[in-house]
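Here are my notes on this model. Please read them with the structure open.

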Amino acid sequence: DLEEELLVFYEEPKVRAFHEDSSMEHQIDWADLFFDLTYVAAAQQLGHLLKEDVSWLGLFYFSTIFLCMSDAWRFKTYHDSTFYAKDLTHKMADVLYVCSVATSALFIQPIEEMKRMGTGYATGLSISLAVNTTILGFEKLEIYLLSKDQKAREYCGLELITMVAPRLIMYAAASTISAIELYKNNEHETRTENDFLYVTLLLLGGNLLGTLLPIIGPWLNAFPVLTSLIPWHYEHIAERYGAWIMLMLGESVLGLILTPVQDNLVFYISFIVALLTVQLIQLNHFASEEFEPSKHALARSTTGANLWIELMSLFSLSLVVFGVGLQLLLKNAVCDVNYSSQKMHGRRRLLSQHEGCAVVPRSSALLLCGAFLAQYVLQQFIIPQHEGWHTYLGHFVDPEKVPCGLFLLIGVKLATVFATVILDVFSGNMSSLEMLASIAAIATAQCLTQAVENMFVHLGKKQK
């Protein structure tokens, strides 16, 4: 099959899922997996960027660049879920797209370096983002000009106006400003923080405009919903998002493994606890996801699909931030006490705060607890999108009885939220191991709560 594909120099892209028949089999090939590998490096670069500047401004820069990078992944995923092309020309276009994304990741450096416009990092990032948007824009333009399918032409025409053009204009503006500053500031020592802030705002503006226009337009009756012309292949997108979440969790695992080893027992215990916490979050998320394409939020309604997609973007962002928080605490898991030879006299306990153990820095604790809280709250809003709030809450309410199950679940979930907030408040008196163990305990409670919730939902569906 591969040889036959390579013999075809050019072939018109096929619609993966037709409006009349959306059951066309989806295909995720090795090229998709190779494309995902570039995001392993990108996530690692972004994590390093945030670790170097744990501040509100650093979080803003991190979030903006993360959204732009994830936008490139999401935009490509939507295109591949709608159109299918395996000829040599389109394979080369995919190779160029991967190269542009990898180049974007290459220019993600510590904030202090990127602020120095003379280094060229901001220029390289902006140009790389503009290039990958241009590549995908040409693929849309190709279909708009050459396709024989009227719906495909209209679909790509709307995407060019609402998704490609806003991003390309803003990214090009950011590239121009950063290139001018690069020309003016040839010396690396020159620091122009305001210019980098302007570049970042332009990148964020392109991302927001390209995301919101396709959503707001149909509400204003300016143009139809894109999926009313050619629907996405729901199974393809859902499977791709599952891989995306695993990539973001992989950054946490990779970051923990690459943390410099401290020669004490506290460090090793902290590493295991942190790794278990990442696995608990993974179990909790995938236990709450819908795997039946016809029942997925993407297939339920346009509003549900849009909310699910945007919530998943924020959820994945919070996972990377949480991973950075774990790495900072693990790096801080330093204790001069030799536990292997300690006789555990009287008041001394393994998890107690005592002289010789480093206290958790306030910024690290806030980052960890804030991200942990954000990912859990976002997940609670993601789950009901598959069925809608009314149907979702109906699983826990028996009209003839007091909805004790619903009250109990809400109570436990709120308790874990409050426990996270309290943990942040008292973090100044805790060691890294105590902090990590507390987070792991809360994550365990959340997993058990999700298991009970799944049982309620299963029984509710069975009775109906």
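1. A nonpolar surface patch is formed by F9, Y10, F138, L141, Y144, L145 and L146, with about 760 Å² of accessible area together. Patch members have over 30% relative accessible area and no salt bridge; nonpolar side chains (Val, Leu, Ile, Met, Phe, Trp, Tyr) are joined within 5 Å. A salt bridge puts a side-chain nitrogen of Lys or Arg within 4 Å of a carboxyl oxygen of Asp or Glu. Areas are Shrake-Rupley values with a 1.4 Å probe.

2. L141 sits in helix 6 (residues 121-146). Its relative accessibility is 31%, so L141 counts as partly exposed; buried is under 20%, exposed over 50%, partly exposed in between. Helices are DSSP runs (H or I, at least four residues), numbered from the N terminus.

3. This is a predicted model: local features need pLDDT of at least 70, side-chain atom pairs pLDDT 80 or more, while totals for chains, interfaces and linings use all residues. Numbering starts from 1 along each chain, and side-chain values use heavy atoms, without hydrogens or water.

4. Mean pLDDT (the predictor's confidence per residue, 0 to 100) is 83, and 84% of the residues score at least 70. Helix 6 is highest at 94; helix 1 (residues 2-7) is lowest, at a mean of 52. Residues 19-24 fall below 50, with 13 contacts beyond near neighbours in sequence. Contact means heavy atoms within 4.5 Å.

5. Helix 2 (residues 30-52) has buried residues including F35, Y39, L46 and L50. The buried residues of helix 2 pack against helices including helix 3 (56-82), helix 10 (234-258) and helix 13 (302-331).

Conventions. Buried < 20%, exposed > 50% of the residue type's maximum accessible area, 1.4 Å probe, protein only. Helix = DSSP H or I, 4+ residues; strand = E, 2+ residues; numbered from the N terminus. Patch = residues over 30% accessible without salt bridge, like charges linked within 9 Å, V, L, I, M, F, W, Y side chains within 5 Å.
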